[in-house]
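This report concerns salt bridges and the surroundings of their partners. Please consult the sequence and the structure while reading.

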Amino acid sequence: MTVLSDQNKWFDRILAQAVTDLPGADLTWLQEKREQAKAEMLRLGKPTRKQEVWRYTSVDNLLKQEFESPTPDFSALQAGDIRDQIFFADDDCYRLVFANGRIVTDLSRTNGLEKEVSLGSLRASLGIESETIRSQILASSPSTHVFSELNAAAINDGLYLHVSANTKVSKPIEVIYLTLSLENQLVVQPRNLIVLDEGAEATLVEQYISTGDSVYFNNGVTDIKLAKDSKLTHAWFQDESHAAYHISNINLVQDSNSVYRNTSIALGGVWSRTDINASMKGEGAHCDINGLYTIGEKQLIDFHLNIEHLVPNTTSEEHFKGILYGKGRAVFDGRILVEKDAQLTNANLSNANLLLTRDAEVDTKPQLEIYADDVKCSHGTTIGQLDPDHIFYLRSRGISEVEARKMLSLGFANEVLMSCPTESMRTRIEAKIRAQLLSANTKP
Amino acid sequence: MLSIKNLQVAVEDKPILKGLNLEVKAGEIHAIMGPNGSGKSTLAHILAGRDGYEVTGGEVLYDGKDLFELETEERAHAGIFLAMQYPVELAGVNNTYFLKASLNAIRVARGEKELTSVEFMKLIKEKVKFVGMDEKFLKRNVNAGFSGGEKKRNEILQMALLEPKLALLDETDSGLDIDALRIVADGVNKLRSPDRAMVIVTHYQRLLDYIEPDFVHVLSDGKIIKSGDKSLALELEEKGYGWLTEESAA
Ligand SMILES: Nc1ncnc2c1ncn2[C@@H]1O[C@H](COP(=O)(O)OP(=O)(O)OP(=O)(O)O)[C@@H](O)[C@H]1O
Ligand SMILES: [Mg+2]
């Protein structure tokens, strides 16, 4: 018998909570996957700051919290609770709503969906598309990230999207993950799976939100598989409660000539970490990630990109911007790997940070690891403040200092906001950032 | 309207304005000329409320009140406008959005109703036409990638839109082609009225062919060393500043 350290006990406790009511008791491969993940989780144990990927981010506060799994019958959610959060008019999208980890059918709408598209909860799809799910979950890249093992050890529910070959999903798919702790601090572990077959096309807009400022822990894993010539536009918006802990692990695998366009925007959480791991395995694949984080008082946000160019002729653009105020802290760790065979790779990585206050802090670490000789790669980072002459210009036109600082900050974020797949999403997020900057301490 | 008495201003302990006097009455146009580095932009900036200057002496009254009591934006609300010598580029800030925010901020401060988007678009399109700009500049970010002359036109557009009571133009004519120069002059002349005033900083008498100033002043080494009517500008064009600086040193 293994003797667990105190820290490992935390993982074990969370897991013990989560393993009740799991689907797929009859699926051996799934049981085995969960078992392996559990063993791996206990082997990896608590991340320490001696590990490079956790160097700037302590998990101590998270591990001080206790969390319970939600009861499956959580149904207190009303349409009104999400109305202010949705980006699309009902008729303009398909929508799935998950509340505390489980799908809320009443608020979801998939009528009119092309018959070549499967869209629903992973739980419900297990019985129907067992084979696709099996192969994708088993192929999910083994990670060195203990939290993704914790997720895998209790694979339960999440988004399942499968678009058949040469099918274009006619409307954007909006997925809302709402978490809300009522009496006890909850942990939810969405397990999302997105598969686009050859030549398929879709737009996916995901939002992680809450309706209050409760403490909870979202520990999600999203696997995305893009077959040859497929195209996914993916907006990812993290607007959790400012007391919540959030982890997202996004694993992307791209076949030849597939195109992945991602806009990632994070505003919420007291502590959050997002990893985007992209594996470009087919020639001609292109990946484009535009990110923005806007955080302040007592928030920490950590973005890790790991973009792997494994074959010749692939391209990627990763551009992240950060606006920090109050005592906000950000970590940006962007790595581009170009393997020996990956000639003619073109990859550009940038991270620009705007510090609105003296107490805000950012650790940014872009890295290029290049083993091929005929490539075009670049990386760059900046950390700066607002230019007093820009503020003066606006004030001399009658605009208040607070408004001027807000306008310039949003101007800084503009490029990323413009990459939102829809206008309604852009204006709503812009309004949220404005409200956040207005209520916050943004004075130097 | 504007009364500057013995104004002394320093930047980082270095005196720049060294006892400057200037009276501007409603309805008047004043031109200020003078050698590079003499303090013309410093004067314009201190009037508009730019940070980084220390007033070490003297006073400035605007409509009888201490100008330095007003915050930068409050001066704009009170009708002061500075067309800058070097307009800044604002990345990601849409020009239309900025122009509307500016006009509405001033209107609200004055207790007037904000213009709706529709009302504003109608107004701004008239103004754009008036200053001979292409409407596409409205869609771009403020001054971003504008040529030197385009930036100056954008300043004049703002002046035409905000209709200030006291307009300060700091070398708005520099870098303009002949047509644009005329537009600037038209803009100024159109704004000219008995209850408005203008202070125009320029190096060239050419602009003054189009805008007839009531007074011409020479600013040198932080002081106004000579004032006259428009004929002074012609004289300066001919003789330069040497004779004056010698005269004032003597
Ligand atoms: N921030 C600063 N730090 C140091 N010196 C300054 C600063 N700002 C202005 N000065 C100095 O003050 C003096 C006056 O500058 P100002 O820009 O007012 O001149 P100007 O008359 O407008 O010149 P120009 O005709 O070239 O535009 C110059 O010597 C300039 O170098
Ligand atoms: Mg100057």
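## Confidence of the model

What is the mean pLDDT of chain B, and what percentage of its residues reach 70 or more? The structure is a predicted model. For chain B the mean pLDDT is 91, and 98% of the residues reach 70 or more. The scores of the model are ipTM 0.96 and pTM 0.91.

## Salt bridges in chain A

Over all chains, the structure holds 43 salt bridges. One of them joins the side chains of R261(A) and D288(A), with an N to O distance of 2.7 Å. Because R261(A) belongs to strand 12 (residues 259–266) and D288(A) to strand 14 (residues 286–295) of chain A, this pair ties together parts that are 27 residues apart in sequence. R261(A) is partly exposed, at 40% relative accessibility, whereas D288(A) is buried, at 14%.

A salt bridge also links R273(A) with D275(A), and their closest N and O atoms are 2.8 Å apart. R273(A) is buried, with a relative accessibility of 1%. D275(A) is likewise buried, with a relative accessible area of 7%.

In chain B, the side chains of K18(B) and D221(B) form a salt bridge of 2.6 Å, N to O. The pair links distant parts of the chain, 203 residues apart: K18(B) lies in strand 2 (residues 14–24), and D221(B) lies in the loop between strand 9 (215–220) and strand 10 (223–228). K18(B) has a relative accessible area of 33% and is therefore partly exposed.

Finally, R395(A), E401(A), E71(B) and E73(B) are joined into one network by salt bridges that share partners.

Terms used: Residues are numbered from 1 along each chain as its sequence is written. Chains are lettered from A and ligands numbered from 1 in the order in which they are written. This is a predicted model: local features need pLDDT of at least 70, side-chain atom pairs count only at pLDDT 80 or more; totals for chains, interfaces and linings use all residues. Side-chain values use heavy atoms; hydrogens and water are left out. pLDDT is the predictor's confidence in each residue, from 0 to 100. A salt bridge is a side-chain nitrogen of Lys or Arg within 4 Å of a carboxyl oxygen of Asp or Glu. Helices (H or I, at least four residues) and strands (E, at least two) are DSSP runs, numbered from the N terminus. Buried means under 20% relative accessible area, exposed over 50%, partly exposed in between (1.4 Å probe, protein chains only).
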